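I opened this notebook to record what I looked up, entry by entry. The structure comes first, then my notes on it.

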Amino acid sequence: MRRLLLTLIGMLCIALQPQANPIDDLLERIDRGASRKFKIELKQAKDGRDYFELDQQGSRPVIRGNSWVNIGVGLNWYLKYHAGIHLTWNQMQAKLPDRLPAVAKRERHDTDLRLRYAFNYCTFSYSMAFWDWPRWQQEIDWLCLHGVNLPLAVVGEECVWRNMLLRLGYTEEEIGRFIAGPAFLAWWAMNNLEGWGGPLPRSWYTRQEQLQKQILKRMRELGMHPVLPGYCGMVPHDARERLGLNVSEAGLWNGFQRPANLMPTDERFDDIAALYYDELTRLYGRADYYSMDPFHESSDDASVDYAASGQKLMAAMKRANPRAVWVVQGWTENPRPQMADALEAGDLLILDLFSECRPMFGAPSIWNRPQGYGKHQWLFCLLENFGANVGLHGRMDQLLGNFYYSEEVASFKKGIGFTMEGSENNPVMFELMSELPWRPEPFTKEQWVPAYVKARYATDDEHLQQAWQLLAQTIYNCPAGNNQQGPHESIFCGRPSLNNFQASSWSKMKNYYNPQATLRAASLFLEGCNHNSSLFPLHPSLPNNLEYDLVDITRQALADQARLQYQHAIADYKAFNIEGFRRGADRFLHMLLLQDSLLATRREFRLGHWTQAAISCGTTPEEQKLYEWNARVQITTWGNRYCADTGGLRDYAHKEWQGLLRDFYYPRWKTYFDALEAQMRAWQQPQPELLATGPNANKTSSELFAMALPQEPQIDWYAMEEPWTLQQNTYTAEPEGDALAVARRVMEFLNEK
């Protein structure tokens with residue numbers, strides 16, 4: 001009895017203690033002891049709108065809201081605009097002062113944009129392919145601080161498919177030929193390819209299943225609604241022969257074998273969909289939202305009844321959870337109008353994937369659908385980045401204009417979304433986007449930037465302010481009508497040619513800012529850093545955010561000036577100025593290696609942070625080799641020879657990273673410039689093959705003239721590139737050198753006359 005009484009007393013004491021909340025845990029990850037410095041209050045709103053409030057109680061700031069995520073937004077707002085602490089990918093921890101700045105007057109922000117989504121399928125391969133739980137925990141904290149309550153959660157989808165295919169009678173070997181490797185799972189999941197980068201070892205499935213369960217647990221603790229991958233009708237391309245199913249023609253995607261789509265009329269459709277949801281629910285539970293993108297990036301197929309397909313997919317999802325909503329990407333042809341029209345209002349949520357540039361509804365664009373999405377709800381999304389390419393880029397005026405324009409004319413807009421192909425870049429754009437739901441009145445970039453600068457660097461330095469105003473007006477203000485995909489690509493990263501402009505096949509690059517603007521911005525930023533470095537006498541000489549942006553902005557200036565240097569070298573080649581060409585080519589190559597040295601100073605810009613993460617996923621040398629190969633191929637050739645060259649995938653995910661510049665891009669450019677110089681010197685010699693004698697006796701004058709024209713050197717680039725993907729030389733993630741010192745050296749070089 002005594003023991004029972006003590007147990008009951010203990011339980012009562014526990015029950016009376018203040019219960020920990022997930023925001024307290026998040027604060028402790030930011031800075032140990034930080035949770036004691038705030039008062040967190042979860043209170044429902046009377047008007048049904050999402051809100052957060054900043055208040056003060058004694059010595060502690062109060063963060064109040066109607067959900068944990070909204071409280072997270074309030075915490076981030078307080079840290080930025082009251083404490084001068086900016087948390088983002090390059091800095092998710094900070095030392096908070098012992099006594100925090102007081103909230104002088106209660107501050108409230110609310111919104112009816114209650115759905116805030118995050119991620120593109122591509123993000124899970126271009127950025128997250130090799131993340132572990134600590135990195136994911138940090139990302140979920142970022143999501144909470146930036147208001148995301150509807151995150152796509154597709155880690156471990158391959159585990160569901162493996163289990164499902166085993167139940168359908170596929171062997172482990174057949175499954176290995178179907179499911180892609182870690183760096184290419186996104187395009188397998190989107191019905192673009194089969195097997196590339198695989199087969200996956202059993203340990204990978206075990207790892208990813210455990211990781212997804214950790215991710216979902218944390219998301220749900222914070223009150224988020226994870227969007228799980230639903231069944232979109234995909235089956236292996238051989239499902240007709242293997243299982244006797246009625247499927248559409250699989251076809252190719254940029255040279256890769258595509259999976260097939262199961263026809264909705266097939267009598268086994270419901271059974272196969274049920275198998276999928278059974279395995280998904282068994283592993284990860286039910287969801288209120290499921291993501292499905294059937295017929296992604298495919299031409300219209302007259303044999304497919306899109307309305308019937310959509311109804312079949314919806315019915316299968318509803319059997320898994322009757323209250324669930326289907327989330328679909330608004331991208332190119334999708335969602336097909338026939339499919340959307342056949343579905344009930346409220347059952348479909350459409351991501352307007354590229355709202356800042358090519359909105360399908362609201363502001364005018366080349367993709368505009370006059371009737372928008374009809375009766376269906378949709379989210380205004382920021383795509384921003386393709387291929388996780390490195391580069392300053394943004395459409396500030398377009399983002400603000402399209403967002404507030406859509407507020408006036410577009411019905412059924414329920415929120416916003418971050419739909420980047422790659423994350424961990426351009427934090428300014430994601431910070432701006434995250435605040436839009438909480439700022440009901442339109443504003444300009446010029447009004448917003450000063451507070452961002454002060455929050456990010458905890459200083460109001462005039463040089464930093466001038467640098468950012470210049471960047472906001474130029475490289476971060478890609479204008480309407482320019483439809484390029486992501487940043488202005490670095491000249492260093494493209495396969496060399498006489499007309500090198502864009503690095504990847506589909507970037508649609510078009511000059512829209514003067515490269516002198518980024519050079520001037522970098523000079524101003526360096527002045528600001530020189531001024532502020534005196535405030536920080538201990539090494540490193542600069543605060544984290546200041547150092548990161550110094551490297552990134554200086555990197556952009558150097559890349560832009562290298563593009564001009566390339567043009568000078570090619571002009572000397574065309575003018576047959578051999579010595580001028582050699583000097584220009586050598587200067588370009590020096591700039592490339594200087595860029596490598598600059599990027600070496602920050603972990604985020606080092607190849608090793610990517611390759612080491614891949615290697616660490618492996619449990620055996622064979623697995624480590626497979627994962628490192630995946631990591632190397634994705635950022636270079638992307639595919640095999642046919643897919644890289646004819647398919648055009650090479651360099652799509654190029655990275656301006658230390659190590660990759662030195663060992664991959666430099667050899668390409670050195671080989672090319674050497675070939676051009678050898679060609680020029682050969683032209684100085686007699687060329688008997690151009691005489692109309694011997695084998696050329698029967699050639700026409702036009703043919704001889706064509707032979708006499710300068711011909712670009714023919715170099716088998718893939719033969720140069722593939723060997724690097726097979727290497728296993730070590731690249732470290734730890735930074736080397738002093739960023740401020742190297743940035744000074746870069747700017748001195750660029751300012752040489």
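I checked Y404 and F443 and found both buried, where buried means under 20% relative accessible area, exposed over 50% and partly exposed in between, with a 1.4 Å probe and protein chains only. The model is predicted: local features need pLDDT of at least 70, side-chain atom pairs count only at pLDDT 80 or more, and totals for chains, interfaces and linings use all residues. Residues are numbered from 1 along each chain as its sequence is written, and side-chain values use heavy atoms, with hydrogens and water left out.

I then looked up the geometry. The ring centres of Y404 and F443 are 6.1 Å apart and the planes stand at 75°, so I noted the pair as edge-to-face. The rule takes rings of Phe, Tyr and Trp (its six-membered ring) with centres within 6.5 Å; planes under 30 degrees apart are stacked, over 60 edge-to-face, the rest tilted. Y404 is in helix α14 (residues 396–409), while F443 is in the loop between α15 (427–435) and α16 (445–457), 39 residues away. Helices (H or I, at least four residues) and strands (E, at least two) are DSSP runs numbered from the N terminus. R439 lies over the face of F443, 5.4 Å from the ring centre; this requires NZ of Lys or CZ of Arg within 6 Å of the ring centre and within 35 degrees of the ring normal.

Entry two, other rings. Y512 and Y513 are both buried. Their ring centres lie 5.1 Å apart with planes at 70°, so this pair is edge-to-face. R242 lies over the face of Y170, at 4.8 Å from the ring centre. I counted 66 aromatic pairs by the pairing rule. One aromatic cluster includes F492, Y566, W669 and W717.

Which residues touch the most other members of the largest nonpolar core? Out of its 253 residues, they are W136, Y231 and W638. Helix α19 (residues 544–574) gives the largest share of this core, 12 residues. Such a core is a set of buried Ala, Val, Leu, Ile, Met, Phe, Trp, Tyr and Cys residues joined through side-chain atoms within 4.5 Å. Beyond four places in sequence, W136 has contacts (heavy atoms within 4.5 Å) that include F119, W131, L211 and M219.

I found 27 helices and 16 strands. Of the 753 residues, 61% count as buried. The C-alpha trace spans about 110 × 75 × 55 Å along its principal axes.
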